[in-house]
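Open the model in your viewer and keep the selection panel at hand. The stops below go from one site to the next.

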Amino acid sequence: MRIERIIVYRVELPLVEGSYKWSGGKSVSVFDSTVIAVETDSGITGYGEVCPLGPFYLPAYAEGVRAGVRELAPHLLGYDPRELHKLNRRMDAALKGHPYVKSGIDMACWDVLGKATGLPLVILFGGRCGDNVQLYRAISQQAPEDMAANVAGYRSQGYRRFQLKVGGDPNIDIQRIREVREMLPPSDRLVADANTGWTQHEAIRVVRAVSDLDVYIEQPCLNYEECLAVRRASNHPFILDENIDGLDMFLRAKSDLAMDVVNLKISKLGGLTKTLQIRDLCVQMGIAMTLEDSWGGSIITAAIAHLAHSTPEEFRFSSTDFNSYVTVSNALGAPMRIDGTMEASSQPGLGIEPRMEVLGEPVFTISR
Ligand code: MG
């Protein structure tokens, strides 16, 4: 089997809530998502998706995905998309760095492998663990009482895990955390995610002020060393996200005992192949994971479902159903949330069928 063509589409994904706000006044109202089709000479086509959370979240941006694929795709024509490790080595040899550019191609090639073998990715990733995947709801940054009202609304939809977008004014963040935690039963899980937004002294003030509350602290500061200092000054379970951008940083953080949970985002790590490497290490090393991506539509939600559902339940901290945050569906067959959970498809590959009328005309095509 050979890659014949790589086709790139652009899809806009407006938010149901109108906008999504997080630390430092950052916000997005329409996400710019790139869908990548990998066509083979056997008639099988696989699909992948990359959707950075705006250009100011991680070192990634939507136009960069497309520019990178334009650079990379000619080097991959003629390769067997089912040979994922060889393909990833080829991508790394042809384009240094830029992991997010490679993520959608890698995802599409996994979809090809699943379709070629007739197996859903959840089986190829190790096997289905448990009945379903527990989801968290990200709560956009607003006034404390508005965030509490949003948590109550999403709780009535079945969610039991919540991630508060903090990382703003520490005094208000303390109120945000306190107000929401006090309205939740002990069995609900609450994360305060600062998305790098606090300075070290602010973060230490916040963790001290909420030290009596059952809350996880996620990525308080920009730099790893700052986060480590906050971790050591805190009695809360601790999650690292933005700093863990590959295997080296993961191993360093594990060695420093810098985290209890790690947030693995597929495109941040360079695709499903590389995320699976760290996922499997986490299981061996006893670190729980949030398994997700930066953002995305139906195709990314399907990929997250396969990744999470094939992860042993005790190491699954939470995952995200991004397709329920946006008003546009870019594929049929993606998981639909039921009572705050989702399931991986039993259909071959990702188990999705792209909505070609939503993808529209390709931005470009690279052919043999
Ligand atoms: Mg995070």
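**Stop 1: the magnesium site**

Along the chain, the donors of the magnesium ion are spaced D-x24-E-x22-D. This is a predicted model, so treat each stop as a prediction. Now select the ion and its protein donors: Asp 193 (OD), Glu 218 (OE) and Asp 241 (OD). They lie 2.1 to 2.3 Å from the magnesium ion. Color Glu 218 and Asp 241 next. Glu 218 is in strand β10, while Asp 241 sits in the loop between β11 (238–240) and α9 (247–255). They are 23 residues apart, and the pair links distant parts of the chain. Are they buried or exposed? Both Glu 218 and Asp 241 are buried.

**Stop 2: two positive phi angles**

Select Asn 195. Look for it in the loop between β9 (189–193) and α7. Its phi is positive, about 45°, although Asn 195 is not a glycine. Asn 195 counts as buried, at 3% relative accessibility.

Go on to Gln 219. This residue is in the loop between β10 and α8. Gln 219 also is not a glycine, yet has a positive phi of about 35°. Its relative accessibility is 0%, so Gln 219 counts as buried.

**Stop 3: helix α7**

Select residues 200–209, which form helix α7. Which residues of the helix are buried? They are Ala 203, Ile 204, Val 206 and Val 207. Turn the view to look down the axis of α7. The buried residues fall within an arc of 160°, so they line one face of the helix. On the other side of α7, find His 201 and Arg 208, which are exposed. Then show what covers the buried residues of α7. The cover includes α6 (170–183), β10 (216–218) and α8 (224–232).

**Stop 4: Arg 176**

Stay with helix α6 and pick Arg 176, which is located there. Is Arg 176 buried or exposed? Arg 176 is buried, with a relative accessible area of 7%. Display side chains and find Asp 173. A polar contact of 2.6 Å joins the side chains of Asp 173 and Arg 176.

**Stop 5: Ser 319**

Jump to strand β14 (residues 316–319) and select Ser 319. Ser 319 counts as buried, at 1% relative accessibility.

**Stop 6: the whole chain**

Zoom out and switch to cartoon. The chain has 13 helices and 18 strands. Its radius of gyration is 20 Å, close to the 21 Å that the globule rule gives for 368 residues, so the chain is as compact as a globular protein of that length. Along the principal axes, the C-alpha atoms fill a box of roughly 60 × 40 × 35 Å.

Color by burial: 60% of the 368 residues count as buried. Then draw the contacts. Of those with a separation of 6 or more, 72% come from residues 24 or more positions apart. Finish with the surface. The accessible surface of the chain is about 13,700 Å², and 48% of it belongs to carbon and sulfur atoms.

Methods: Residues numbered from 1 in each chain as written. Predicted model: local features only at pLDDT ≥ 70, side-chain atom pairs only at ≥ 80, totals over all residues. Heavy atoms only, no water. Buried < 20%, exposed > 50% of the residue type's maximum accessible area, 1.4 Å probe, protein only. Helix = DSSP H or I, 4+ residues; strand = E, 2+ residues; numbered from the N terminus. Arc of directions from axis to C-beta. Contact = heavy atoms within 4.5 Å. Polar contact = N/O pair within 3.5 Å; in protein donor to acceptor, adjacent residues only side chain to side chain. Donors = N, O, S within 2.8 Å, 3.2 Å for Na, K, Ca; no water. Rg over C-alpha atoms; globule rule 2.2 N^0.38 Å. Areas by Shrake-Rupley, 256 points an atom, 1.4 Å probe, with all protein chains shown as cover.
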